[in-house]
Amino acid sequence: MSGDDHPGLMPVETALARLLELAEATPICECERLPLAEARGRVLAEPLLASLDLPPWPNSAMDGYALCQADWQGEPLAVSQRIFAGQAPGPLEPGTCARIFTGAPLPAGADCVEMQENAEVLADGRVRFREPIKPGQHVRPQGQETRQGETVLAAGTRLGPVQLGLCATLGAAELAVRRQPRVAVLSTGDELVEPGQPLGPGQIYNSNRRLLCSWLEQLGCAVVDAGILPDDLALTRAKLGQLSAVDLILSTGGVSVGEADFLGEALREGGELALWKLAIKPGKPLTFGHYQGVPVLGLPGNPASTLVTFALLARPYLLRRLGVDKVAPLHFPVPAGFVWRKPGSRREYLRARLEDGRAVLYANQSSGVLRSVAWADGLVEVREGSTLAEGEPVNFIPLSELLV
Ligand code: AMP
Ligand code: MG
């Protein structure tokens, strides 16, 4: 069902497409060179080209014996040398074999390896191979994984442990990466109190601040923790004005319909403002604008809404500003372990666990219940206007795809 069936509500795809367009118009291009040990979570600014073949030389995939396959006639062979990983062997004496260990270079003249389990060492030290040997067996040929000059990682790749390990296999000591985006996190609400402080009447602890600050750090951002902002226009203006050096101001709360919306008010004065009502649940209100040229994204305040809108909209927006191409999380269909009877006008992101291959829902899907996310393995996506019978396929987005 398209968003046109619900006038006034913007489909999630439309909001995402607009945010990605805005991101592409304001890329964070500056880069720096970092040692591998400091590059985790960053985005490659240049493609990583292989500086060598991998492996650099043919080597043994097994502990065993290296030989020339043509020399195997069923007769035992003398062992002419021993080759450990890290050694540079001389050529193989014709008609003999070499004791070899995993990862050791194959001697010139050898073209295969027989594993030690299939070899019998005779009393005179020669070795008999029980089974016929195929040319090339148990050998990792030079360049099998990568050829020198090949592009191994494209520019725009996010660097996690695996990518960094791969850079290390190619001997890269430093990488050109995009600089960290500076993101200010602002929690709006007169009711908010920081953990560690006593709670007064009507007050609640600020959960979004910790949620977003730690998530952004994990995303590779430099977080400017702008603390709690009371619901007040003058203070909102003053606070936004202090944050002129960041790449994005991310605020939560104060965007509910009908409420005094100080963020929107300040943005209206400061330039552009877009107020979107999204066809998303939890979520719905989202503010995008600029304050003195700095992009501001206002997420809803209920913690589960903050989480869903950050995951589906803010996160891809930020990654795209860094030049990341693949910003959509991996998702796949799973059988619903629940029934969905009432078609909604908004796309629902339900907190769910996979149990016996089926998605089962957390009992309380209220947008204020962050515990639902702590319990869940992922988000189940129920499209607007649809119903579900038990066992019908439903889209599942693992949280592990989003919380990185
Ligand atoms: P608002 O959009 O400001 O009306 O907030 C919607 C709901 O989210 C209200 O119940 C707020 O108390 C709650 N909320 C807003 N910001 C936070 C926050 N930082 N931590 C926890 N709850 C919040
Ligand atoms: Mg509020």
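Here's a quick briefing on the domains of this chain and on one of its sheets. Keep in mind that this is a predicted model. The protein chain splits into domain 1, domain 2, domain 3 and domain 4. The sheet in question is open, has four strands and mixes its pairing, with the order 5-6-4-7.

**Domains**
- Domain 1 is built from residues 3–30 + 179–321, and domain 2 from 33–53 + 145–178.
- Domain 3 covers 59–140, while domain 4 covers 332–402.
- If you take the C-alpha centres of domain 1 and domain 3, you'll find them 64 Å apart.

**The sheet as a whole**
- Reading across the sheet, the strands come in the order 5-6-4-7.
- Strand 5 (78–83) and strand 7 (112–115) sit at the edges, each pairing on one side only.
- On average, neighbouring strands here are turned by 30° against each other, ignoring direction.

**Strand 5 with strand 6**
- Strand 5 and strand 6 (residues 96–100) run parallel, joined by five bridges.
- Across this pair, Gln 81 stands opposite Ala 98 of strand 6.

**Strand 4 with strand 6**
- Strand 4 (residues 64–67) pairs with strand 6 in the antiparallel sense, over three bridges.
- Look for Tyr 65 here: its bridge partner in strand 6 is Arg 99.

**Strand 4 with strand 7**
- Strand 4 also pairs with strand 7, again in the antiparallel sense, and four bridges link the two.
- Gly 64 faces its opposite number, Met 115, in strand 7.

How values were computed:
Residues are numbered from 1 along each chain as its sequence is written. Chains are lettered from A and ligands numbered from 1 in the order in which they are written. This is a predicted model: local features need pLDDT of at least 70, side-chain atom pairs count only at pLDDT 80 or more; totals for chains, interfaces and linings use all residues. Side-chain values use heavy atoms; hydrogens and water are left out. Two strands pair if DSSP finds at least two bridges between them. Axes are lines fitted to C-alpha atoms, for helices over the stretch in contact, and angles run from 0 to 180 degrees between N-to-C directions. Domain bounds come from an automatic or database domain assignment.
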